[in-house]
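Please keep the sequence and the model in view while reading the points below.

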Amino acid sequence: MLFISYQAAAAFITAAFLLTRLLCFFRRKAFSLRREAALLTVLIALLVVLRFTFFPFDRVDGRIQPLVFDASQALPFGINLIPFKNLLDYPERRQILLNIIGNTAMFIPIGVIWPSVFKELDSHKKAIAAGVGFSLVIELLQLPFFSRVTDVDDLILNTLGYLLGYGLFLLAKRVYALFKGH
């Protein structure tokens, strides 16, 4: 059995990010504080998504509980491929709303940040594919963890959140262009 703490996962991802940025600096011999700050927002958004998609909400003694990998319990995978089958499958209305709003809201920043930081997402098709692809990767990465469920509802809600964020990005871009033109 393997226990993965959020702190260890976040530290690993942050170290990989910093190493990557350092290698880019040495390769290009250039440093842009603005670019690095923008990429830092990407890292922060990823760490937030990591927290809420992989680690249990329940806290024990005020601590985030670890993600547990147990090869003997990995199969069969916890997976739901039927849209909206489990969406309302909570004992309280509050939990239903928390699931819907939470899965949507956590991806709104990704939809705003990614197209503003990554110039390669220069078309609607590319930007939307990136959001759908990111959500799909998260759902697939949850497959081997018996305490997590890969759910098409999460894919739908995460994508909706990304699209809302992307819409806010496009609106902000349009407003900026209007004010810049005057």
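Of the 182 residues of the protein chain in this predicted model, 34% count as buried. The chain exposes about 12,000 Å², and carbon and sulfur atoms supply 70% of that area. Its C-alpha atoms fill a box of roughly 55 × 40 × 30 Å, taken along the principal axes.

**Overall architecture**

- The protein chain contains six helices and six strands.
- Along the sequence, these elements follow the pattern β-α-α-β-β-β-β-α-α-α-β-α.
- Among contacts with a separation of 6 or more, 76% are made by residues 24 or more positions apart.

**Helix 1 with helix 2**

- Helix 1 (residues 6-28) packs against helix 2 at an angle of about 155°, and the two axes are 11 Å apart.
- Since an angle over 145 degrees counts as roughly antiparallel, helix 1 and helix 2 are roughly antiparallel to each other.
- The crossing of these two helices is right-handed.
- On the side of helix 1, the contact involves Y6, A9, A10, I13, T14, F17 and R21, which meet E36, L39, L40, L43, L47, L50 and R51 in helix 2.
- The residues of this contact comprise 10 nonpolar, one polar and three charged.

**Helix 2 with helix 5**

- Helix 2 (residues 33-54) also packs with helix 5, at an angle of about 40° and with the axes 11 Å apart.
- That angle makes helix 2 oblique to helix 5.
- Helix 2 and helix 5 cross in a right-handed manner.
- Helix 2 contributes L46, V49, T53 and F54 to the contact, while helix 5 contributes F134, I138 and L141.
- Six of the residues in the contact of helix 2 with helix 5 are nonpolar, one is polar and none is charged.

**Helix 4 with helix 6**

- The axes of helix 4 (residues 108-117) and helix 6 (residues 152-181) come within 6 Å and cross at roughly 50°.
- Helix 4 and helix 6 are therefore oblique to each other.
- Helix 4 passes helix 6 in a right-handed crossing.
- In helix 4, the residues I108, I110, G111, V112, W114, P115 and S116 meet G161, Y162, L164, G165, Y166, L168 and F169 of helix 6.
- The contact of helix 4 with helix 6 is made up of 10 nonpolar residues, four polar residues and no charged ones.

**Two residues within the helices**

- I138 lies in helix 5 (residues 124-141).
- I138 counts as buried because its relative accessibility is 5%, and buried means under 20%.
- Not counting residues up to four places away in sequence, I138 touches V49, T53, F54 and F107.
- The C-alpha atoms of I138 and F3 are separated by 19 Å, and these two residues are 135 residues apart along the chain.
- R35 belongs to helix 2 and counts as partly exposed, at 34% relative accessibility.
- Leaving aside neighbours within four places in sequence, R35 is in contact with V117 and F118.
- R35 and V117 are 82 residues apart in sequence, yet their C-alpha atoms are 7.9 Å apart in space.

**Backbone features in the loops**

- Most residues other than glycine have a negative phi, and most peptide bonds are trans.
- The peptide bond from L75 to P76 is cis, with omega near -5°.
- P76 is located in the loop between strand 4 (67-69) and strand 5 (79-80).
- K29, a residue other than glycine, has a positive phi near 60°.
- The position of K29 is in the loop between helix 1 and helix 2, and K29 is exposed, with a relative accessible area of 66%.
- D61 is not a glycine either, and its phi is positive, at about 55°.
- D61 sits in the loop between strand 2 (59-60) and strand 3 (63-64), and D61 counts as exposed at 77% relative accessibility.

Methods: Residues are numbered from 1 along each chain as its sequence is written. This is a predicted model: local features need pLDDT of at least 70, side-chain atom pairs count only at pLDDT 80 or more; totals for chains, interfaces and linings use all residues. Side-chain values use heavy atoms; hydrogens and water are left out. Axes are lines fitted to C-alpha atoms, for helices over the stretch in contact, and angles run from 0 to 180 degrees between N-to-C directions. Helices (H or I, at least four residues) and strands (E, at least two) are DSSP runs, numbered from the N terminus. Angles under 35 degrees count as roughly parallel, over 145 as roughly antiparallel, 65 to 115 as roughly perpendicular and the rest as oblique. A crossing is left-handed if the near helix is turned anticlockwise from the far one by less than a right angle, and right-handed if clockwise. Contact means heavy atoms within 4.5 Å. Ala, Val, Leu, Ile, Met, Phe, Trp, Tyr, Cys and Pro count as nonpolar, Asp, Glu, Lys and Arg as charged, and the others, Gly among them, as polar. Buried means under 20% relative accessible area, exposed over 50%, partly exposed in between (1.4 Å probe, protein chains only). Accessible areas come from the Shrake-Rupley method with a 1.4 Å probe; for residues, only the protein chains shown count as cover.
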